[in-house]
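Take a look at the model below. We will walk through it step by step, starting inside one chain and ending where two chains meet.

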Amino acid sequence: MWRAAYRNIVAHRLRLALTTLTVALGIAFVAGTNIFTDSLQSSFDSLVAQPRPDVTVSPRTELDQPGDGGTAIDGSALTLPQGLVNELADIPAAEAAYGRVTSDRAYVLDANGDILGPDGPPARVTSWVGIDEASPLRITEGAPPVGPDQVAVLVATAEEGGFSVGDEISIATDNAGVVSPTISGLVSRTLSGGLGGTLVVFDFATTQQYYLAPDLVNSIGVMAAPGVSQDALASAITGVLETKDLGPISVQTGQESADEASERIEEGFRFLNTFLLAFGFLALFVATFLIVNTFTMLIAQRTRELALLRAIGASRRQVFGSVLLEAALIGALASVIGLAGGVLVSYGLRALVDRIGATLPAAPLVIENSTLILAAVVGIGVTVLSALGPAKRAATIAPVAAMRSDSAPSSRSLRRSFVIGISFIALAIPFAIASLNISADETQQRAAVLGASAVLAIIGTVLITPTLADLLFGWIRGAYRTSGVSKLAVENARRNPRRTSATASALSIGLALMTAVTVIGTSARTSIGTVIEQTIGADFVITNSAFRPLEPKVYQSVKDVPGADVVTYIRTVPLEVGEERFTLTGVETEYISDVIDVQVTAGSLEDLALGTALVDSETATTLGVGPGDTVAATFVNGPGSLRIVGIYEPIGFLQGFFATMPTVMSIGALERDTGVYITASDESQVEALRAELNRRIDGIPEAQVQDQADIKREINQQFDVLFIFVYALLGLSILVAFLGIVNTLSLSVYERFREIGLLRAVGMTRRQIRRMISTEALWIAVLGTLLGTTIGLIYGTLFQRILATEGITYLDIPWLQIGFFIIAGSAGGLVASIWPAWRASRMRILSAISTE
Amino acid sequence: MTEDRKPAIAAVDVRKVYGSGETAVVALAGISLDVPQGQFAAVMGPSGSGKSTLMHCLAGLDSVTSGSIELDGTEITELSDNKLTQLRREQVGFIFQSFNLIPTLNALENIRLPMDIAGQRPDQAWLDTVIDTVGLRDRLTHRPSELSGGQQQRVAAARALASRPTIIFADEPTGNLDSKSGGEVLGFLRKSVDELGQTIVMVTHEAIAASYADRVIFLADGFLVDELFEPTPERVFDRMKSLDTPGKAAV
């Protein structure tokens with residue numbers, strides 16, 4: 001039987017090649033995902049293992065937990081007195097201590113004065129430490145920076161900007177405007193690559209002068225004296241700090257921060273890994289349809305051969321075993337090819353993740369044993385499981401089948417699968433209804449129930465597709481008056497409804513997801529756009545292009561701009577009520593309603609005073625508060641309370657608490673503006689106002705002036721990037737589905753070679769044969785595409801209903817795009833038919849018609 | 001050969017060699033043959049005599065190594081695949097031993113198939129005549145799987161006749177049939193020649209089948225070795241016996 005299985009693979013290698021490729025594609029994605037995340041993991045492991053001070057002392061806010069590792073809400077703005085550095089250096093357990101100043105507003109400018117690199121990643125600056133054991137930074141070329149005219153630049157930053165040692169470089173500072181020091185050296189991190197964004201390094205005094213204030217540091221690093229453990233040093237430091245009143249301070253050992261970093265990274269990667277794997281398994285799931293198809297067809301073609309084996313004495317088990325063995329061998333081969341492909345996929349994923357804005361460190365290629373095992377288990381497992389049904393049928397072939405001349409596939413009734421399929425769909429409906437009826441607060445639960453409904457509906461649809469195919473194609477067939485090429489094509493699509501529908505289903509699953517994602521995404525985009533239209537009354541908004549707060553100088557430089565009616569700003573600060581975090585927005589109450597349309601339903605913005613706030617109706621419900629109530633909260637600077645004096649309707653992102661600027665400042669907000677809003681006094685002079693605003697913020701590279709359209713465009717761009725990401729991932733399963741069409745068609749062309757020969761003999765041209773096969777592919781693709789987009793539309797709409805409470809208020813179905821999916825999906829079917837059609841048209845008439 | 005009738009097909013010194021050099025196999029060793037219009041010719045010969053190859057070459061299904069074949073005055077040996085396809089569609093009808101019909105089409109659709117492929121409207125009166133001649137009026141909506149073997153071959157014959165081809169090639173049309181059904185099909189072919197003036201070339205190895213023809217052509221080892229007009233089964237059988245190498249006797 002070994003020999004029989006092996007011989008079969010060799011004999012049918014061309015036909016099995018596509019099946020192998022299909023499985024290999026799925027494996028490649030699964031393996032590639034693992035290789036990608038393992039590789040990143042290893043580079044982050046080296047990040048965790050990088051040199052760091054034995055103890056880091058950093059200030060924190062009341063909202064940061066002691067274990068948060070000094071990542072304060074705005075860590076760069078929190079300070080310690082510089083005098084503390086020497087005090088800590090003097091304790092016996094310490095060998096040395098140094099102050100550090102850091103900021104992420106050190107924008108490096110290119111020749112045009114624009115910020116270097118993409119907007120997202122921070123523009124970091126740090127003071128030079130000079131202790132190798134405490135810092136991952138190393139000078140690779142030149143020398144460390146000394147004095148206000150020298151700066152060291154991260155190698156990656158220098159490469160990006162085309163800088164080299166000795167060049168002048170323009171860097172934005174907080175306190176001295178744009179400075180142009182000389183590059184004294186290039187630095188690298190001890191780990192390979194960077195974390196994205198730019199990094200420049202000044203000496204300590206210069207960093208302090210440019211980005212902080214005299215006698216202040218952002219954090220203090222302490223190195224232990226010989227023989228002193230990190231923990232001992234930490235407790236000694238805590239002892240010193242307890243004698244002072246410096247507010248909340250985090251004291252963290254090097255080990256603690258390393259552990260914490262690795263934990264955080266692992267968490268992040270577990271999610272990414274799961275997310276990506278889901279797409280890989282989707283592709284494999286789609287592939288199972290095609291494997292089942294392939295084996296069913298191969299066995300139908302081999303009926304006589306298998307029957308002969310049975311006739312000469314092979315047992316059912318042996319026939320069953322030989323088919324499974326064949327499947328296992330194919331699975332093994334696919335796993336090997338898939339692993340190799342996985343390496344390519346890992347690079348592809350990297351490029352894709354880079355594309356959505358996360359800049360990843362360069363990572364060595366890591367292929368863990370677990371990846372190898374996973375590839376083998378999944379590859380062989382999926383193939384063998386898919387072949388199980390066909391193998392069972394092969395085992396039931398009676399020995400007498402060897403004597404029959406025709407090996408017509410048994411046409412089993414479609415009724416059973418139709419009934420089961422309808423039951424699944426019937427079951428999906430109450431799930432969908434239930435999901436809509438669950439309390440609006442439980443979005444996750446609602447989504448889970450609706451997700452279950454979607455899975456039921458998809459399985460149900462897959463099961464009833466053969467019946468649908470039979471009915472639909474039967475109906476279309478009836479519409480043709482003559483049995484030319486087109487009618488024959490429909491007939492062919494209809495003659496084996498199971499096979500046709502398995503091929504179509506593979507396509508419809510991918511398209512259903514694609515359509516649903518598109519409906520949800522487009523609705524989200526429209527919803528946000530609508531919120532922007534409804535809420536932003538200002539003609540212009542100035543924000544930080546790097547999604548960070550603005551320096552107050554922005555407001556200062558535009559507040560008296562001519563041609564403006566109102567210029568105002570808002571500041572946001574986090575606060576906690578119980579365990580939940582909310583946003584408090586500070587506004588200038590006399591101007592805010594001119595620039596933001598807040599629908600106040602109780603109280604008024606003008607009546608806000610120190611210590612009082614408005615809250616949106618949803619948050620009010622969540623917290624169980626109303627006007628007149630006092631909410632106890634933890635602010636950045638400690639516990640306190642807010643008295644609620646009014647309620648407004650939340651719209652999209654406009655939610656949380658509203659308070660006056662003095663209230664916000666009293667609870668520890670920094671002098672940083674979230675946005676500056678400007679309305680023009682004369683609508684006809686808007687463009688002049690824009691020009692003037694741009695002129696005034698010319699020296700502040702991170703600030704950008706936007707009107708409503710600009711904001712919407714920016715949001716659209718972000719959505720586009722997300723769409724591309726998801727489409728690229730879903731594209732895999734759709735590619736597998738198209739390969740399935742190629743596979744099914746080439747197998748059925750082979751199966752019908754005598755029929756094609758006959759058609760050629762009675763006068764069908766090669767071109768007509770090609771058209772016949774292509775039309776069949778087109779019908780299969782149309783069926784899959786229509787079913788897929790229909791399910792996608794239904795569930796996309798239902799998910800929008802559920803996410804309405806999360807801000808996706810408006811349903812926007814992108815008909816044009818869905819029309820495009822339908823056309824592209826159908827066209828894909830045509831493309832997939834090219835090769836099988838060509839093979840069919842080249843079939844030798846004589847070999848087809850001559851009797852064996 | 002009747003001189004006053006134009007030949008439907010005329011072959012001159014047709015050679016067909018498979019392979020080359022030492023391994024070359026000569027299937028047709030230079031055959032010249034005319035079949036006049038309205039004649040029912042049977043081609044007989046032992047296995048390997050080249051009778052099927054001859055038919056394939058005459059029908060434009062296979063290429064020749066040398067020689068010329070004119071079908072209704074058109075030289076077909078140099079035609080492109082498209083031209084040959086068109087020629088088959090318009091001037092040639094086929095009846096094969098088995099697998100003659102498209103399983104997804106019913107009897108009527110199968111009969112009309114060559115015209116539907118060509119996008120031509122069939123001549124309804126002629127179609128009716130053909131259908132009535134083969135006696136399939138009540139079976140037209142049946143699919144091939146619902147027809148008996150003899151009925152299937154009659155549908156195939158009707159298809160071959162329906163487009164009024166210059167010539168019909170029948171390759172062992174009764175090979176898979178019992179003698180009664182075979183007789184029906186052969187009787188019908190005979191009738192189409194007598195009543196409709198059809199030209200037919202039939203390859204067979206059955207003496208009884210050959211006896212329905214006007215003329216029997218005997219092939220052996222790629223040569224045209226003998227001819228017989230007005231055949232009877234006995235005469236054909238005798239001729240075959242003399243041609244056949246021992247142990248290869250056709251049944």
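Start with one pair of side chains. A:Asp560 and A:Arg696 form a salt bridge, and their closest N and O atoms are 2.8 Å apart. Keep in mind that this is a predicted model. Now find the two partners along the chain. A:Asp560 sits in the loop between helix H15 (552–558) and strand E17 (564–577) of chain A. A:Arg696 belongs to helix H19 (residues 686–696) of chain A.

Which helix gives the largest share of the nonpolar patch? Helix H10 (residues 369–395) of chain A does, with three residues. A:Ile373 is found in this helix, H10 of chain A.

Now move to the place where the chains touch. Chain B brings 29 residues to the contact, and chain A brings 26 residues. How much area is buried between them? The size of an interface is often given as the accessible area lost when the parts come together. Between chain B and chain A, that area is about 2500 Å². Carbon and sulfur atoms give 58% of it. Three residues deserve a look here. B:Phe99, B:Thr104 and B:Ile117 supply 22% of the area that chain B buries against chain A. That is more than any other three residues supply.

The rule finds five salt bridges between chain B and chain A. In a salt bridge, the side chain of B:Asp81 meets that of A:Arg766, at 3.6 Å from N to O.

Finish with the side of chain B that touches chain A. Helix H2 (81–91) and helix H3 (107–118) of chain B each supply at least two residues to it. Which element gives the most? H3(B) does, with six residues. By type, the residues of this side divide into 11 nonpolar, eight polar and 10 charged.

Terms used. Residues numbered from 1 in each chain as written. Chains lettered and ligands numbered in written order. Predicted model: local features only at pLDDT ≥ 70, side-chain atom pairs only at ≥ 80, totals over all residues. Heavy atoms only, no water. Contact = heavy atoms within 4.5 Å. Buried area = accessible area lost by both parts, 1.4 Å probe. Salt bridge = Lys/Arg side-chain N within 4 Å of Asp/Glu carboxyl O. Helix = DSSP H or I, 4+ residues; strand = E, 2+ residues; numbered from the N terminus. Nonpolar A, V, L, I, M, F, W, Y, C, P; charged D, E, K, R; others polar.
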